[in-house]
Amino acid sequence: MATENNTKITALYCRLSQEDALEGESNSISNQKKILMDYAKQNKFLHPKFYVDDGYSGTDFKRPGFMEMMADIEAGKVAVCICKDLSRFARNSTMAGMYINYTFPQYNVRFIAIHDSFDTVDPNNPNLDMGIFKNMFNEFYARDTSRKIRAVTKAKGNRGEHLCTVPPYGYIKDQEDKKHWIVDEEAAENVKRIFKLCMEGKGPSQIADILTNDKILTPSSYQRSKGRKTPHPVLADPYKWDSATVADLLENRHYTGCTVNFRYYTNSIWDKKTRVNDPENMVIFPNTQEAIIDEKEFNKVQEIRENRHRRTKTGKTNMFSGLVFCGNCGAKLYFSTSKSFSAYQDFFVCSTHRKNRNGCSGHIIRACVLEQLVWMHMREVISYVTCHEEYFRKQVEEELLIKSAEKKRQQNKLLDEKQKRFEELDIIIQKLYESNALGKISDDRFVKLSQGYETEQADLTADIESLKSEIQLQEEQNKSVEQFIGKVKEYSDLRELTPYALHSLVKAIYVDEYPIEGRKHREKSVTIDYDIPREIDLDKLMKA
(Lines give C-alpha, C1' and ligand atoms only; values in the text may rest on other atoms or scores of the structure.)
Protein backbone atom coordinates (compact mmCIF):
# COMPACT_ATOMS: atom_id res chain seq x y z
CA MET A 1 0.00 0.00 0.00
CA ALA A 2 1.41 3.37 -1.00
CA THR A 3 1.55 6.33 1.37
CA GLU A 4 -1.04 9.07 0.93
CA ASN A 5 1.57 11.78 0.47
CA ASN A 6 4.21 10.81 -2.10
CA THR A 7 6.68 13.41 -0.83
CA LYS A 8 6.88 12.21 2.78
CA ILE A 9 9.46 9.86 4.34
CA THR A 10 8.91 6.25 5.35
CA ALA A 11 10.81 6.00 8.62
CA LEU A 12 12.48 2.60 9.08
CA TYR A 13 13.50 2.39 12.74
CA CYS A 14 16.13 -0.10 14.01
CA ARG A 15 17.36 -0.55 17.59
CA LEU A 16 19.74 -3.00 19.24
CA SER A 17 20.85 -3.00 22.87
CA GLN A 18 23.92 -4.80 24.22
CA GLU A 19 21.65 -7.43 25.84
CA ASP A 20 19.66 -7.95 22.60
CA ALA A 21 22.93 -8.50 20.71
CA LEU A 22 23.54 -11.61 22.82
CA GLU A 23 20.45 -13.26 21.32
CA GLY A 24 22.15 -13.66 17.93
CA GLU A 25 21.70 -12.52 14.34
CA SER A 26 17.86 -12.31 14.41
CA ASN A 27 17.94 -8.94 16.18
CA SER A 28 21.08 -7.58 14.52
CA ILE A 29 20.91 -4.16 12.88
CA SER A 30 21.73 -5.65 9.47
CA ASN A 31 18.90 -8.19 9.79
CA GLN A 32 16.44 -5.52 10.91
CA LYS A 33 17.40 -3.31 7.97
CA LYS A 34 16.83 -6.15 5.49
CA ILE A 35 13.41 -7.00 6.97
CA LEU A 36 12.29 -3.35 6.98
CA MET A 37 13.51 -2.56 3.45
CA ASP A 38 11.94 -5.72 2.01
CA TYR A 39 8.64 -4.85 3.69
CA ALA A 40 8.76 -1.25 2.42
CA LYS A 41 9.41 -2.39 -1.15
CA GLN A 42 6.70 -5.11 -1.11
CA ASN A 43 4.10 -2.63 0.17
CA LYS A 44 5.31 0.25 -2.05
CA PHE A 45 6.19 2.64 0.79
CA LEU A 46 8.10 5.53 -0.77
CA HIS A 47 11.24 7.42 0.29
CA PRO A 48 12.49 4.95 2.96
CA LYS A 49 14.98 6.37 5.47
CA PHE A 50 16.76 4.41 8.21
CA TYR A 51 16.98 5.70 11.80
CA VAL A 52 19.37 3.50 13.76
CA ASP A 53 20.24 3.17 17.48
CA ASP A 54 22.95 0.53 17.92
CA GLY A 55 23.79 -0.21 21.56
CA TYR A 56 20.86 1.65 23.17
CA SER A 57 18.31 0.34 25.65
CA GLY A 58 14.60 0.45 24.78
CA THR A 59 13.99 2.14 28.13
CA ASP A 60 16.06 5.16 27.04
CA PHE A 61 14.15 7.69 24.94
CA LYS A 62 17.15 9.97 24.41
CA ARG A 63 18.50 7.65 21.74
CA PRO A 64 20.06 9.73 18.92
CA GLY A 65 18.33 7.81 16.10
CA PHE A 66 14.96 7.93 17.86
CA MET A 67 15.31 11.66 18.58
CA GLU A 68 16.23 12.37 14.95
CA MET A 69 13.16 10.43 13.79
CA MET A 70 10.88 12.29 16.22
CA ALA A 71 12.29 15.61 15.03
CA ASP A 72 11.35 14.68 11.43
CA ILE A 73 7.89 13.51 12.55
CA GLU A 74 7.26 16.78 14.43
CA ALA A 75 8.42 18.70 11.34
CA GLY A 76 5.74 16.91 9.30
CA LYS A 77 8.23 15.02 7.11
CA VAL A 78 7.12 11.44 7.97
CA ALA A 79 4.06 9.52 6.79
CA VAL A 80 4.81 6.03 8.11
CA CYS A 81 7.02 4.63 10.88
CA ILE A 82 7.96 0.94 10.60
CA CYS A 83 9.95 -1.26 12.99
CA LYS A 84 10.60 -5.01 13.16
CA ASP A 85 8.50 -5.50 16.30
CA LEU A 86 7.21 -3.48 19.27
CA SER A 87 10.24 -4.36 21.43
CA ARG A 88 12.53 -2.62 18.88
CA PHE A 89 10.49 0.56 19.31
CA ALA A 90 10.44 0.71 23.13
CA ARG A 91 10.48 -1.32 26.35
CA ASN A 92 8.40 1.13 28.38
CA SER A 93 4.68 0.41 28.08
CA THR A 94 3.60 3.88 29.22
CA MET A 95 5.85 5.80 26.83
CA ALA A 96 5.20 3.38 23.95
CA GLY A 97 1.46 3.86 24.40
CA MET A 98 1.84 7.64 24.50
CA TYR A 99 3.79 7.75 21.23
CA ILE A 100 1.60 5.20 19.37
CA ASN A 101 -1.80 6.39 20.62
CA TYR A 102 -1.26 10.16 20.94
CA THR A 103 1.93 11.54 19.36
CA PHE A 104 1.84 9.66 16.03
CA PRO A 105 -1.89 10.33 15.37
CA GLN A 106 -1.30 14.01 16.21
CA TYR A 107 1.18 14.21 13.30
CA ASN A 108 -0.86 11.82 11.08
CA VAL A 109 1.84 9.14 11.17
CA ARG A 110 0.95 5.50 10.59
CA PHE A 111 2.82 3.04 12.84
CA ILE A 112 3.65 -0.55 11.88
CA ALA A 113 5.39 -3.34 13.87
CA ILE A 114 5.86 -6.08 11.26
CA HIS A 115 6.32 -9.26 13.33
CA ASP A 116 3.56 -8.28 15.76
CA SER A 117 1.08 -7.66 12.86
CA PHE A 118 0.52 -4.26 14.45
CA ASP A 119 -0.75 -1.55 12.07
CA THR A 120 -2.58 1.59 13.19
CA VAL A 121 -4.13 2.13 9.75
CA ASP A 122 -6.98 -0.20 10.79
CA PRO A 123 -8.51 0.82 14.17
CA ASN A 124 -10.51 -2.46 14.25
CA ASN A 125 -7.38 -4.62 14.06
CA PRO A 126 -7.49 -6.93 17.18
CA ASN A 127 -3.68 -6.89 17.27
CA LEU A 128 -3.86 -3.25 18.39
CA ASP A 129 -5.41 -4.43 21.67
CA MET A 130 -2.83 -7.20 21.97
CA GLY A 131 -0.12 -4.55 21.51
CA ILE A 132 -0.95 -3.21 24.99
CA PHE A 133 -0.05 -6.57 26.54
CA LYS A 134 3.00 -7.03 24.33
CA ASN A 135 4.34 -3.63 25.43
CA MET A 136 3.82 -4.68 29.06
CA PHE A 137 5.72 -7.94 28.45
CA ASN A 138 8.51 -5.97 26.72
CA GLU A 139 8.74 -3.74 29.79
CA PHE A 140 8.79 -6.78 32.09
CA TYR A 141 11.67 -8.19 30.03
CA ALA A 142 13.62 -4.94 30.51
CA ARG A 143 12.96 -4.96 34.27
CA ASP A 144 13.96 -8.62 34.58
CA THR A 145 17.12 -8.09 32.53
CA SER A 146 18.00 -5.06 34.66
CA ARG A 147 17.60 -7.07 37.88
CA LYS A 148 19.86 -9.82 36.56
CA ILE A 149 22.51 -7.34 35.41
CA ARG A 150 22.41 -5.54 38.79
CA ALA A 151 22.80 -8.87 40.61
CA VAL A 152 25.81 -9.85 38.47
CA THR A 153 27.32 -6.37 38.89
CA LYS A 154 26.85 -6.50 42.66
CA ALA A 155 28.52 -9.90 42.87
CA LYS A 156 31.48 -8.73 40.76
CA GLY A 157 31.78 -5.52 42.77
CA ASN A 158 31.79 -7.36 46.09
CA ARG A 159 34.54 -9.65 44.77
CA GLY A 160 36.72 -6.61 44.11
CA GLU A 161 36.57 -6.69 40.30
CA HIS A 162 36.65 -3.36 38.46
CA LEU A 163 33.13 -2.44 37.38
CA CYS A 164 34.02 0.27 34.86
CA THR A 165 34.75 -1.02 31.36
CA VAL A 166 37.18 1.84 30.64
CA PRO A 167 39.93 2.47 33.26
CA PRO A 168 40.12 6.03 34.61
CA TYR A 169 42.46 8.51 32.91
CA GLY A 170 45.99 7.56 33.97
CA TYR A 171 45.47 3.80 33.79
CA ILE A 172 45.17 1.26 30.97
CA LYS A 173 44.22 -2.43 30.96
CA ASP A 174 47.03 -4.93 31.34
CA GLN A 175 47.20 -6.88 28.06
CA GLU A 176 48.12 -10.06 29.96
CA ASP A 177 45.27 -9.67 32.46
CA LYS A 178 42.39 -7.45 31.29
CA LYS A 179 40.98 -7.29 34.84
CA HIS A 180 44.16 -5.60 36.06
CA TRP A 181 45.08 -1.94 35.50
CA ILE A 182 48.60 -0.66 34.90
CA VAL A 183 49.82 2.94 34.92
CA ASP A 184 49.74 4.89 31.66
CA GLU A 185 52.83 6.99 32.34
CA GLU A 186 51.99 9.83 29.94
CA ALA A 187 48.49 10.39 31.32
CA ALA A 188 49.61 9.71 34.90
CA GLU A 189 51.98 12.70 34.74
CA ASN A 190 49.00 14.94 33.98
CA VAL A 191 47.05 13.41 36.87
CA LYS A 192 49.96 14.15 39.23
CA ARG A 193 50.13 17.68 37.89
CA ILE A 194 46.41 18.23 38.50
CA PHE A 195 46.77 17.12 42.13
CA LYS A 196 49.86 19.30 42.55
CA LEU A 197 48.01 22.34 41.21
CA CYS A 198 45.19 21.68 43.66
CA MET A 199 47.72 21.44 46.50
CA GLU A 200 49.00 24.83 45.39
CA GLY A 201 45.55 26.30 45.95
CA LYS A 202 44.19 26.18 42.40
CA GLY A 203 40.52 25.30 41.93
CA PRO A 204 39.08 23.05 39.17
CA SER A 205 38.26 26.02 36.90
CA GLN A 206 41.77 27.44 37.23
CA ILE A 207 43.33 24.01 36.64
CA ALA A 208 41.11 23.47 33.58
CA ASP A 209 42.26 26.84 32.16
CA ILE A 210 45.93 25.97 32.73
CA LEU A 211 45.61 22.59 31.00
CA THR A 212 43.68 24.16 28.11
CA ASN A 213 46.28 26.88 27.63
CA ASP A 214 49.08 24.30 27.73
CA LYS A 215 47.35 22.28 24.97
CA ILE A 216 46.95 19.12 27.05
CA LEU A 217 44.52 16.69 25.41
CA THR A 218 41.34 16.06 27.40
CA PRO A 219 40.93 12.48 28.74
CA SER A 220 38.51 11.42 25.97
CA SER A 221 40.61 13.08 23.23
CA TYR A 222 43.74 11.44 24.64
CA GLN A 223 42.08 7.99 24.57
CA ARG A 224 41.11 8.50 20.91
CA SER A 225 44.63 9.64 20.05
CA LYS A 226 45.85 6.27 21.36
CA GLY A 227 43.24 4.33 19.38
CA ARG A 228 41.24 3.37 22.46
CA LYS A 229 37.45 3.33 22.75
CA THR A 230 35.68 6.00 24.80
CA PRO A 231 31.95 6.51 25.41
CA HIS A 232 32.30 10.30 25.30
CA PRO A 233 31.45 12.32 22.15
CA VAL A 234 34.13 13.94 19.99
CA LEU A 235 34.91 17.46 21.20
CA ALA A 236 35.13 20.45 18.86
CA ASP A 237 38.30 21.46 20.73
CA PRO A 238 40.27 18.38 21.94
CA TYR A 239 42.27 20.59 24.33
CA LYS A 240 39.30 22.27 26.05
CA TRP A 241 39.22 20.97 29.63
CA ASP A 242 36.07 21.26 31.73
CA SER A 243 36.11 22.07 35.47
CA ALA A 244 33.74 19.13 36.16
CA THR A 245 36.27 16.74 34.56
CA VAL A 246 39.05 18.10 36.77
CA ALA A 247 36.87 17.85 39.88
CA ASP A 248 35.99 14.23 39.06
CA LEU A 249 39.69 13.34 38.70
CA LEU A 250 40.52 15.02 42.01
CA GLU A 251 37.84 12.98 43.80
CA ASN A 252 38.71 9.62 42.20
CA ARG A 253 40.13 7.37 44.92
CA HIS A 254 41.28 4.80 42.33
CA TYR A 255 44.44 6.91 41.98
CA THR A 256 45.58 5.80 45.45
CA GLY A 257 45.88 2.24 44.12
CA CYS A 258 42.60 0.85 45.41
CA THR A 259 39.42 -0.31 43.69
CA VAL A 260 36.31 1.67 44.59
CA ASN A 261 33.10 -0.05 43.56
CA PHE A 262 29.57 1.37 43.63
CA ARG A 263 30.74 5.01 43.46
CA TYR A 264 27.59 5.86 41.54
CA TYR A 265 24.06 4.52 41.28
CA THR A 266 20.85 5.05 39.29
CA ASN A 267 17.36 5.02 40.78
CA SER A 268 15.73 2.76 38.19
CA ILE A 269 15.85 1.61 34.57
CA TRP A 270 13.79 4.70 33.67
CA ASP A 271 15.93 7.25 35.50
CA LYS A 272 19.36 7.07 33.88
CA LYS A 273 20.87 9.95 35.87
CA THR A 274 23.95 8.79 37.80
CA ARG A 275 24.22 9.94 41.39
CA VAL A 276 27.17 9.80 43.80
CA ASN A 277 26.68 7.05 46.35
CA ASP A 278 27.03 7.57 50.09
CA PRO A 279 30.50 6.47 51.35
CA GLU A 280 28.99 3.69 53.48
CA ASN A 281 27.48 2.12 50.35
CA MET A 282 30.80 2.02 48.49
CA VAL A 283 33.11 -1.01 48.68
CA ILE A 284 36.87 -0.34 48.71
CA PHE A 285 39.63 -2.87 48.04
CA PRO A 286 43.14 -1.50 48.78
CA ASN A 287 46.33 -2.14 46.79
CA THR A 288 44.72 -3.54 43.64
CA GLN A 289 46.91 -1.54 41.24
CA GLU A 290 49.95 0.73 41.37
CA ALA A 291 49.14 4.07 43.00
CA ILE A 292 49.54 7.28 41.02
CA ILE A 293 48.78 9.57 43.99
CA ASP A 294 49.98 9.01 47.55
CA GLU A 295 47.15 8.35 50.05
CA LYS A 296 48.29 11.24 52.23
CA GLU A 297 48.29 13.69 49.32
CA PHE A 298 44.89 12.44 48.14
CA ASN A 299 43.37 12.99 51.59
CA LYS A 300 44.97 16.42 51.80
CA VAL A 301 43.42 17.36 48.45
CA GLN A 302 40.00 16.23 49.72
CA GLU A 303 40.44 18.52 52.73
CA ILE A 304 41.34 21.41 50.43
CA ARG A 305 38.33 20.63 48.21
CA GLU A 306 36.06 20.44 51.25
CA ASN A 307 37.22 23.89 52.33
CA ARG A 308 37.30 25.20 48.78
CA HIS A 309 36.74 28.91 48.39
CA ARG A 310 35.52 31.09 45.60
CA ARG A 311 37.72 33.67 44.05
CA THR A 312 36.97 37.25 45.07
CA LYS A 313 35.38 39.61 42.54
CA THR A 314 38.86 40.99 41.86
CA GLY A 315 40.06 37.55 40.77
CA LYS A 316 42.62 37.47 43.62
CA THR A 317 43.18 34.36 45.70
CA ASN A 318 45.36 33.60 48.69
CA MET A 319 47.09 30.34 49.61
CA PHE A 320 45.89 30.64 53.23
CA SER A 321 42.18 30.69 52.29
CA GLY A 322 40.40 27.76 53.93
CA LEU A 323 43.29 27.17 56.37
CA VAL A 324 42.88 30.12 58.73
CA PHE A 325 40.47 30.06 61.69
CA CYS A 326 39.53 32.33 64.56
CA GLY A 327 41.25 31.31 67.78
CA ASN A 328 38.22 32.40 69.84
CA CYS A 329 35.05 31.28 68.05
CA GLY A 330 36.63 28.73 65.68
CA ALA A 331 35.00 30.22 62.57
CA LYS A 332 36.90 30.69 59.31
CA LEU A 333 38.81 33.87 58.59
CA TYR A 334 37.69 35.24 55.21
CA PHE A 335 40.15 36.68 52.72
CA SER A 336 39.26 40.31 52.01
CA THR A 337 40.66 42.44 49.21
CA SER A 338 39.81 45.14 46.71
CA LYS A 339 40.94 46.17 43.24
CA SER A 340 42.52 49.22 44.81
CA PHE A 341 44.39 47.18 47.45
CA SER A 342 48.06 46.38 47.14
CA ALA A 343 49.26 42.99 48.41
CA TYR A 344 50.24 44.79 51.63
CA GLN A 345 46.60 45.75 52.27
CA ASP A 346 44.93 42.36 51.74
CA PHE A 347 43.71 40.93 55.04
CA PHE A 348 41.80 38.13 56.77
CA VAL A 349 38.85 38.78 59.08
CA CYS A 350 36.74 36.57 61.35
CA SER A 351 33.58 35.48 59.48
CA THR A 352 31.51 35.62 62.70
CA HIS A 353 32.57 39.24 63.27
CA ARG A 354 31.83 40.15 59.66
CA LYS A 355 28.26 38.85 59.96
CA ASN A 356 27.69 40.08 63.52
CA ARG A 357 30.13 42.55 65.05
CA ASN A 358 29.02 41.60 68.56
CA GLY A 359 29.46 37.87 67.89
CA CYS A 360 33.27 37.98 68.03
CA SER A 361 36.12 40.47 67.68
CA GLY A 362 37.59 41.01 64.22
CA HIS A 363 40.80 38.97 64.54
CA ILE A 364 41.92 41.01 61.55
CA ILE A 365 45.40 40.16 60.29
CA ARG A 366 47.08 41.32 57.11
CA ALA A 367 47.85 38.54 54.65
CA CYS A 368 51.50 39.55 54.36
CA VAL A 369 51.90 39.51 58.18
CA LEU A 370 50.26 36.10 58.36
CA GLU A 371 52.63 34.80 55.69
CA GLN A 372 55.67 36.14 57.56
CA LEU A 373 54.61 34.58 60.87
CA VAL A 374 53.72 31.20 59.37
CA TRP A 375 56.84 31.02 57.19
CA MET A 376 59.05 31.94 60.17
CA HIS A 377 57.59 29.12 62.26
CA MET A 378 57.61 26.60 59.41
CA ARG A 379 61.24 27.43 58.62
CA GLU A 380 62.20 26.79 62.25
CA VAL A 381 60.26 23.51 62.32
CA ILE A 382 61.85 22.33 59.07
CA SER A 383 65.32 23.24 60.32
CA TYR A 384 64.82 21.61 63.72
CA VAL A 385 63.32 18.36 62.42
CA THR A 386 65.99 18.08 59.70
CA CYS A 387 68.86 18.62 62.15
CA HIS A 388 67.43 16.66 65.07
CA GLU A 389 65.35 14.02 63.33
CA GLU A 390 65.96 11.15 65.77
CA TYR A 391 65.40 13.29 68.85
CA PHE A 392 62.22 14.80 67.37
CA ARG A 393 60.90 11.36 66.49
CA LYS A 394 61.68 10.04 69.97
CA GLN A 395 60.05 12.99 71.75
CA VAL A 396 56.92 12.90 69.61
CA GLU A 397 56.50 9.14 69.82
CA GLU A 398 57.06 9.10 73.58
CA GLU A 399 54.45 11.81 74.09
CA LEU A 400 52.03 10.03 71.78
CA LEU A 401 52.67 6.76 73.59
CA ILE A 402 51.98 8.30 76.99
CA LYS A 403 48.79 9.96 75.79
CA SER A 404 47.53 7.13 73.62
CA ALA A 405 48.44 4.23 75.94
CA GLU A 406 45.96 5.32 78.63
CA LYS A 407 43.33 6.25 76.07
CA LYS A 408 43.79 2.96 74.24
CA ARG A 409 43.54 1.03 77.52
CA GLN A 410 40.27 2.78 78.36
CA GLN A 411 38.93 2.22 74.86
CA ASN A 412 39.80 -1.49 74.90
CA LYS A 413 38.15 -1.85 78.30
CA LEU A 414 35.01 -0.10 77.07
CA LEU A 415 35.05 -2.20 73.89
CA ASP A 416 35.19 -5.42 75.93
CA GLU A 417 32.26 -4.24 78.07
CA LYS A 418 30.10 -3.38 75.07
CA GLN A 419 30.91 -6.63 73.26
CA LYS A 420 30.06 -8.59 76.43
CA ARG A 421 26.74 -6.74 76.75
CA PHE A 422 25.99 -7.43 73.06
CA GLU A 423 26.49 -11.17 73.62
CA GLU A 424 24.29 -11.04 76.74
CA LEU A 425 21.50 -9.44 74.72
CA ASP A 426 21.75 -12.24 72.15
CA ILE A 427 21.05 -14.75 74.94
CA ILE A 428 18.21 -12.63 76.38
CA ILE A 429 16.51 -12.25 73.00
CA GLN A 430 16.81 -15.99 72.36
CA LYS A 431 15.13 -16.72 75.72
CA LEU A 432 12.38 -14.23 74.90
CA TYR A 433 11.66 -16.10 71.66
CA GLU A 434 11.46 -19.39 73.56
CA SER A 435 9.19 -17.90 76.27
CA ASN A 436 6.87 -16.44 73.63
CA ALA A 437 6.77 -19.70 71.69
CA LEU A 438 5.86 -21.61 74.88
CA GLY A 439 3.17 -19.07 75.77
CA LYS A 440 4.93 -17.83 78.91
CA ILE A 441 4.72 -14.18 77.72
CA SER A 442 2.16 -12.53 75.46
CA ASP A 443 2.88 -11.38 71.91
CA ASP A 444 2.50 -7.71 72.91
CA ARG A 445 4.90 -8.12 75.81
CA PHE A 446 7.35 -9.98 73.56
CA VAL A 447 7.27 -7.23 70.90
CA LYS A 448 7.88 -4.44 73.44
CA LEU A 449 10.78 -6.24 75.14
CA SER A 450 12.44 -7.49 71.96
CA GLN A 451 12.24 -4.07 70.29
CA GLY A 452 13.97 -2.45 73.26
CA TYR A 453 16.76 -5.02 73.29
CA GLU A 454 17.22 -4.88 69.52
CA THR A 455 17.47 -1.07 69.66
CA GLU A 456 20.11 -1.39 72.37
CA GLN A 457 22.00 -3.91 70.21
CA ALA A 458 21.91 -1.53 67.24
CA ASP A 459 23.36 1.26 69.42
CA LEU A 460 26.02 -1.11 70.72
CA THR A 461 26.97 -2.11 67.18
CA ALA A 462 27.52 1.55 66.25
CA ASP A 463 29.55 2.15 69.45
CA ILE A 464 31.70 -0.96 68.86
CA GLU A 465 32.51 0.08 65.28
CA SER A 466 33.36 3.61 66.44
CA LEU A 467 35.67 2.31 69.18
CA LYS A 468 37.42 -0.05 66.77
CA SER A 469 38.04 2.88 64.40
CA GLU A 470 39.44 5.03 67.23
CA ILE A 471 41.75 2.22 68.41
CA GLN A 472 42.96 1.69 64.85
CA LEU A 473 43.60 5.44 64.54
CA GLN A 474 45.72 5.37 67.69
CA GLU A 475 47.75 2.49 66.26
CA GLU A 476 48.39 4.40 63.02
CA GLN A 477 49.73 7.56 64.68
CA ASN A 478 53.36 6.49 64.51
CA LYS A 479 52.95 6.04 60.77
CA SER A 480 51.72 9.63 60.55
CA VAL A 481 54.85 10.82 62.37
CA GLU A 482 57.10 9.10 59.83
CA GLN A 483 55.14 10.57 56.93
CA PHE A 484 55.43 14.05 58.44
CA ILE A 485 59.19 13.72 58.92
CA GLY A 486 59.54 12.52 55.32
CA LYS A 487 57.61 15.55 54.05
CA VAL A 488 59.67 17.95 56.16
CA LYS A 489 62.92 16.51 54.79
CA GLU A 490 61.65 17.16 51.24
CA TYR A 491 61.54 20.87 52.09
CA SER A 492 64.92 21.12 53.80
CA ASP A 493 66.17 23.42 51.02
CA LEU A 494 62.97 25.48 50.75
CA ARG A 495 63.80 29.20 50.43
CA GLU A 496 60.28 30.65 50.39
CA LEU A 497 56.81 29.56 51.41
CA THR A 498 54.94 27.85 48.57
CA PRO A 499 51.25 26.84 48.50
CA TYR A 500 52.24 23.20 47.96
CA ALA A 501 54.54 23.13 51.00
CA LEU A 502 51.93 24.94 53.10
CA HIS A 503 49.16 22.46 52.30
CA SER A 504 51.54 19.49 52.66
CA LEU A 505 52.59 20.34 56.21
CA VAL A 506 49.80 22.41 57.75
CA LYS A 507 46.26 21.37 58.69
CA ALA A 508 45.02 24.63 60.19
CA ILE A 509 46.16 28.05 61.42
CA TYR A 510 44.48 29.80 64.35
CA VAL A 511 44.70 33.55 64.89
CA ASP A 512 44.24 34.81 68.46
CA GLU A 513 44.18 38.40 69.60
CA TYR A 514 44.58 39.97 73.02
CA PRO A 515 43.78 43.53 74.19
CA ILE A 516 46.76 45.75 74.99
CA GLU A 517 46.23 48.13 77.90
CA GLY A 518 46.06 51.74 76.78
CA ARG A 519 46.05 50.87 73.08
CA LYS A 520 43.25 50.58 70.55
CA HIS A 521 44.84 47.77 68.59
CA ARG A 522 45.07 44.19 69.83
CA GLU A 523 48.10 41.93 69.92
CA LYS A 524 47.98 39.02 67.47
CA SER A 525 49.35 35.53 67.90
CA VAL A 526 49.32 32.63 65.45
CA THR A 527 49.07 28.93 66.36
CA ILE A 528 49.88 26.38 63.67
CA ASP A 529 48.29 22.94 63.65
CA TYR A 530 50.71 20.79 61.66
CA ASP A 531 49.74 17.60 59.86
CA ILE A 532 50.89 15.46 62.77
CA PRO A 533 48.87 14.01 65.69
CA ARG A 534 50.31 16.41 68.29
CA GLU A 535 51.22 20.06 68.73
CA ILE A 536 54.79 21.07 67.87
CA ASP A 537 56.07 23.21 70.72
CA LEU A 538 59.44 24.43 69.46
CA ASP A 539 60.30 26.28 72.67
CA LYS A 540 59.77 23.12 74.70
CA LEU A 541 61.77 20.99 72.26
CA MET A 542 64.69 23.42 72.13
CA LYS A 543 64.89 23.63 75.91
CA ALA A 544 65.02 19.85 76.23
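Trainee: How many helices and strands are there in the protein?

Mentor: There are 18 helices and 17 strands; these are DSSP runs numbered from the N terminus, with helices being H or I of at least four residues and strands E of at least two. This is a predicted model, so local features need pLDDT of at least 70 and side-chain atom pairs count only at pLDDT 80 or more, while totals for chains, interfaces and linings use all residues. Residues are numbered from 1 along each chain as its sequence is written, and side-chain values use heavy atoms, with hydrogens and water left out.

Trainee: Which residues of helix 3 are buried?

Mentor: Buried means under 20% relative accessible area, exposed over 50%, partly exposed in between (1.4 Å probe, protein chains only). In helix 3, residues 64-74, the buried ones are Gly-65, Phe-66, Met-69, Met-70, Asp-72 and Ile-73. They fall within an arc of 160 degrees seen down the helix axis, so they line one face of helix 3. That arc is taken from the directions from the helix axis to the C-beta atoms.

Trainee: What covers the buried residues of helix 3?

Mentor: The cover includes strand 1 (9-16), strand 2 (48-54), strand 3 (78-83), helix 4 (86-89) and helix 5 (93-106). Just after helix 3, look for Gly-76, with its positive phi of about 75 degrees.

Trainee: Is Gln-289 buried or exposed?

Mentor: Gln-289 counts as buried because its relative accessibility is 7%. You'll find Gln-289 in the loop between strand 11 (283-285) and helix 11 (295-306). Leaving aside residues up to four places away in sequence, Gln-289 touches residues including His-162, Tyr-171 and Trp-181, where contact means heavy atoms within 4.5 Å.
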